[in-house]
Amino acid sequence: MDISCAFATSSDTPAHVELAESLGYRRAWLYDSPALYPDVWMILARCAERTSRIGLGPGVLVPSLRHPMVNAAAIAELADQAPGRVAVAVGSGFTGRFSLGKRPLPWRQVADYVRCLKALLAGETVEWDGARIRMMQPYGYGAERPIAVPILIGADGPKGLAVAAELGDGVFSATVPQPDAVNAVDWRALLCFGTVLDADEELTSPRVIDAAGPGTVVIYHAVYERGGAAAVDGLPGGRGWRESVEQHPENERHLAIHEGHLVKANARDEPYVSELIPMASAAALTGTTDQVGDWIRGLRAAGVTEVAYQPAGSDIERELRAFASATGIG
C-alpha cells in the first residue's frame with residue numbers, strides 16, 4: 001500500500017510537500033476549492049519546483065470550475081515540470097461546488113468532461129460546447145502530446161464507480177472504502193483524516209481537537225448537505241450545530257457551513273467538536289501508533305491500495321511526522 005498525503009491547499013503547502021517527500025510519502029494530493037483555498041495549479045507548480053520524487057496532483061478537480069482546455073494546459077505544464085510524477089483526480093464536486101451554493105454535478109457531465117480532457121491530452125481534436133478544440137501549443141510552449149497522466153475518479157457511490165471503470169485509471173474516495181471499487185479499478189486511493197495520539201492523550205485534549213477537529217466536523221457539513229436536518233440531528237451535537245447554522249439566511253447558509261472546511265472548526269462547529277470526536281474517531285485515523293497501524297492493515301485488507309492522509313490543525317509538520325512514523329515510512 002502507498003502512504004500518501006493530502007492538503008487543504010495553502011501558501012505553506014509547498015514547504016509541507018517538501019517535508020512529506022523527505023519523510024517518504026508516495027504522493028501529495030492538493031484540494032481544488034477556490035472559494036476556500038488558493039489556486040491549486042499555482043501551488044502545485046511551486047511544489048514541483050521544491051521536490052524531485054514525490055507524486056503530485058489535484059484531488060479532486062471539479063469540471064464546472066474550468067474549461068477542459070484550461071485544465072489540460074495546466075496538467076501539461078505540471079507534467080513538464082514534474083515528469084512521471086503527476087496524477088489527476090476528477091469528481092462531481094463536494095466543497096468545490098457546495099461552497100459556491102451549488103449541488104454536485106451529474107455524473108454524465110463528469111464523464112463527458114473526462115472524455116474531453118483525455119482526448120485533449122492525447123493531442124486529439126474534440127468537440128466541446130459546440131466547437132472543435134485541440135491543444136495547439138507549439139514546441140516550447142507546452143508539453144509534447146500525447147501526455148500520459150493517470151486520471152482517477154473521485155467516486156463514493158455506484159455512478160461514480162461506473163465512470164471510473166469506463167474512463168479512469170483509479171478511484172479516489174473519502175473516509176470509507178468502496179467495496180465495489182475492487183471490481184472496477186486496480187488503483188484505489190482513500191482520503192483519510194485524524195491524528196496520531198501522544199502517550200496517554202485523551203481524544204478530547206486541546207491538541208487532538210486542534211488536529212482532528214477539522215476532519216471531524218466535516219461530518220456535520222456532509223450529512224446536512226446530503227441528508228438534511230433529520231440526518232444531522234441524529235449525530236452527537238448535531239441538533240445544536242444545525243440550529244446555529246440555520247440562523248443564517250438560506251441563500252447564504254452554505255457560506256456558514258463550509259467556512260474553514262478541513263482547515264479549522266468554524267464558529268458553528270467549535271461548541272460541538274468534543275462531542276463528535278469520540279464517534280468520528282471510529283471512522284478516522286485517530287488513535288495510538290499501534291491503532292493507526294492496525295487500521296492501515298485493515299484498509300489494505302479491504303482493498304485500499306493508497307491512503308492519502310490529510311494533516312490538519314496548527315502543526316502540520318508534527319502531523320506529517322507522526323503519521324509517517326506510525327505507518328513505518330519515516
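Predicted model: local features only at pLDDT ≥ 70, side-chain atom pairs only at ≥ 80, totals over all residues.
Helix H2, residues 40–50, and helix H3, residues 68–81, have axes that come within 9 Å and cross at roughly 10°. Angles under 35 degrees count as roughly parallel, so H2 is roughly parallel to H3. For anyone new to this, two packed helices are described by the angle between their axes and the distance between the axes.

Which residues make the contact? On the H2 side they are Trp 41, Leu 44, Ala 45, Ala 48 and Glu 49. On the H3 side they are Asn 71, Ala 74, Ile 75, Leu 78 and Gln 81. By type, the residues of this contact divide into 7 nonpolar, 2 polar and 1 charged.

Next, helix H1, residues 13–23. Is H1 mostly covered or mostly open? The helix is mostly covered, with 8 of its 11 residues buried. The buried ones are Thr 13, Pro 14, His 16, Val 17, Leu 19, Ala 20, Glu 21 and Leu 23. Among the elements that cover them are strand E1 (2–7), E2, H2, E3 and helix H12 (316–327). Just after H1 comes Gly 24, which takes a positive phi of about 100°.

Now the cysteines. How many disulfides does a search of the whole structure find? It finds 0. A disulfide is a covalent bond between the sulfur atoms of two cysteines. The cut-off is 2.5 Å. Seen from the other end, Cys 47 has its closest cysteine sulfur in Cys 5. Cys 5 is buried, at a relative accessible area of 0%, and Cys 47 is buried too, at 0% relative accessibility.

Last topic: charged pairs. Side chains of opposite charge can pair when their charged atoms come close. The count here comes to 17 salt bridges, and I will go through some of them.

Arg 66 pairs with Asp 39, with the closest N and O atoms 3.5 Å apart. Arg 66 sits in the loop between strand E3 (55–58) and H3, while Asp 39 sits in the loop between strand E2 (27–30) and H2, so the pair ties together parts that are 27 residues apart in sequence. Arg 66 is buried, at 12% relative accessibility, whereas Asp 39 is partly exposed, at 32%.

Arg 115 and Glu 166 meet in another salt bridge, at 2.9 Å from N to O. Arg 115 belongs to helix H5 (residues 107–121) and Glu 166 to helix H6 (residues 158–167), so this pair ties together parts that are 51 residues apart in sequence. Arg 115 is partly exposed, with a relative accessible area of 35%.

Then there is Arg 242 with Asp 233, where the closest N and O atoms are 2.6 Å apart. Are the two partners buried or partly exposed? Arg 242 is buried, with a relative accessible area of 11%, and Asp 233 is partly exposed, at 28%.

Salt bridges can also link up into a network in this model, as with Asp 198, Glu 201, Arg 207, Arg 318 and Glu 319. That is where I will stop.

Note on methods: Residues numbered from 1 in each chain as written. Heavy atoms only, no water. Buried < 20%, exposed > 50% of the residue type's maximum accessible area, 1.4 Å probe, protein only. Axes fitted to C-alpha atoms, helices over the stretch in contact; angles between N-to-C directions. Helix = DSSP H or I, 4+ residues; strand = E, 2+ residues; numbered from the N terminus. Parallel < 35°, antiparallel > 145°, perpendicular 65-115°, else oblique. Contact = heavy atoms within 4.5 Å. Nonpolar A, V, L, I, M, F, W, Y, C, P; charged D, E, K, R; others polar. Salt bridge = Lys/Arg side-chain N within 4 Å of Asp/Glu carboxyl O.
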